Amino acid sequence: NDLGDVVGWEYTPLSGPSDAFRYSNGQWLQIGGFGVFQNAEAYDIGNSGIVVGSSAPPAGGDWHAAIWLPDNPTQAVILGTLPGFPLAELDDINGENLAVGRAYVDASWSRAIFYDGQALHDLNDFLPDGFLGVLFDAREINESGVNAATALHNGLLRAVLLSPGPCPTGT
């Protein structure tokens, strides 16, 4: 983020747990990977200090979209996933604390998701009539609310830019 904070994750080889970390003011802090959700991966941190990623219980539990709030940085808030998609992750957050990512079944089938600060939404629900394809993934959201996403159409993946529009909070 603009403050120089960095997030990431590490894992123990041979199916060990993943631990999410935050680096801030010259200090590393483990923010996830303990308690009920013993696996955690952090992918981005916003200027507000909110971290986005995913977390899962040990022993093969499903990964769900998660955030870590600055007032309680070691307690993941598990946001869940979309119906029919057992797995989810948030990959990017902007200055308005809007985040994007994907809900997925496996590497071959997923849906782009949007977090509006309250709930997860399928970005496909906000596409205009006539859009060809399915939004497969959303990886970036900029300060203007433009999303970089991937659409699947006729078996081909295509890059898509989604401009702010009729989504729940303008994205």
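## Exercise 1: A strand and its partners

Ile-45 stands opposite Val-51 in S5. The model under study is predicted.

**Task.** Describe how strand S5 (residues 51-56) is paired and how far its residues are covered.

**Solution.** 

Step 1. Strand S4 (residues 39-45) pairs with S5 in the antiparallel sense, over six bridges. The hairpin of S4 and S5 has five residues between the strands, and in this hairpin Gly-49 takes a positive phi near 95°.

Step 2. Turn to the other partner. S5 also pairs with S6 in the antiparallel sense, here over five bridges. In this pairing Val-52 stands opposite Ile-67 of S6.

Step 3. Assign the side chains to faces. In a regular strand the side chains alternate between the two faces of the sheet. Val-51, Gly-53 and Ser-55 point one way from S5, whereas Val-52, Ser-54 and Ala-56 point the other way.

Step 4. Consider the cover. Six of the six residues of S5 are buried, and the strand is described as mostly covered. The buried residues therefore include those pointing either way from S5, under the cut-off of 20% relative accessible area.

## Exercise 2: The chain as a whole

**Task.** How many helices and strands does the protein chain have, and what part of its residues is buried?

**Solution.** 

Step 1. Count the elements. The protein chain has zero helices and 14 strands. Read along the sequence, the pattern is β-β-β-β-β-β-β-β-β-β-β-β-β-β.

Step 2. State the burial. Of the 171 residues in the protein chain, 43% are buried. The chain exposes about 8500 Å², of which carbon and sulfur atoms supply 54%.

Step 3. Examine the contacts. Among contacts between residues at least 6 apart in sequence, 35% join residues at least 24 apart.

## Exercise 3: Nonpolar cores

**Solution.** 

Step 1. Identify the core. The largest nonpolar core has 14 residues, and Leu-90 and Ile-113 are those with the most contacts inside it.

Step 2. Trace the core to the strands. Strand S6 (64-68), S8, S9 and S10 each supply at least two of its residues. S8 gives the most, with three residues.

Step 3. A second, separate core has 13 residues, including Val-100, Leu-123, Leu-135 and Ala-138.

## Exercise 4: Salt bridges

**Solution.** 

Step 1. Side chains of opposite charge can pair when their charged atoms come close. The cut-off applied here is 4 Å between nitrogen and carboxyl oxygen, and five salt bridges are counted under this rule.

Step 2. Take the pair between two strands. The side chains of Asp-91 and Arg-139 meet in a salt bridge at 3.6 Å, N to O. Asp-91 lies in strand S8 (residues 87-93) and Arg-139 in strand S12 (residues 134-141), so this pair ties together parts that are 48 residues apart in sequence.

Step 3. Compare the surroundings. Asp-91 is buried at 10% relative accessible area, and Asp-137 is buried at 7%. Arg-139, at 40%, counts as partly exposed.

Step 4. Examine another pair. Arg-111 forms a salt bridge with Asp-122, the closest N and O atoms being 3.2 Å apart. Arg-111 lies in strand S10 (residues 109-115) and Asp-122 in strand S11 (residues 120-122), so the pair ties together parts that are eleven residues apart in sequence. Asp-122 is buried, with a relative accessible area of 11%.

## Exercise 5: Positive phi in loops

**Task.** Is Asn-25 buried or exposed, and where is Asn-97 found?

**Solution.** 

Step 1. Asn-25 is found in the loop between strand S2 (18-24) and strand S3 (27-32). Its phi is near 50°, a positive value in a residue other than glycine. Asn-25 is exposed, with a relative accessible area of 75%.

Step 2. Asn-97 is found in the loop between S8 and strand S9 (99-106). Asn-97 has a positive phi of about 65° although it is not a glycine. With a relative accessible area of 24%, Asn-97 is partly exposed.

Definitions and conventions
Residues are numbered from 1 along each chain as its sequence is written. This is a predicted model: local features need pLDDT of at least 70, side-chain atom pairs count only at pLDDT 80 or more; totals for chains, interfaces and linings use all residues. Side-chain values use heavy atoms; hydrogens and water are left out. Helices (H or I, at least four residues) and strands (E, at least two) are DSSP runs, numbered from the N terminus. Buried means under 20% relative accessible area, exposed over 50%, partly exposed in between (1.4 Å probe, protein chains only). A nonpolar core is a set of buried Ala, Val, Leu, Ile, Met, Phe, Trp, Tyr and Cys residues joined through side-chain atoms within 4.5 Å. Contact means heavy atoms within 4.5 Å. Accessible areas come from the Shrake-Rupley method with a 1.4 Å probe; for residues, only the protein chains shown count as cover. Two strands pair if DSSP finds at least two bridges between them.
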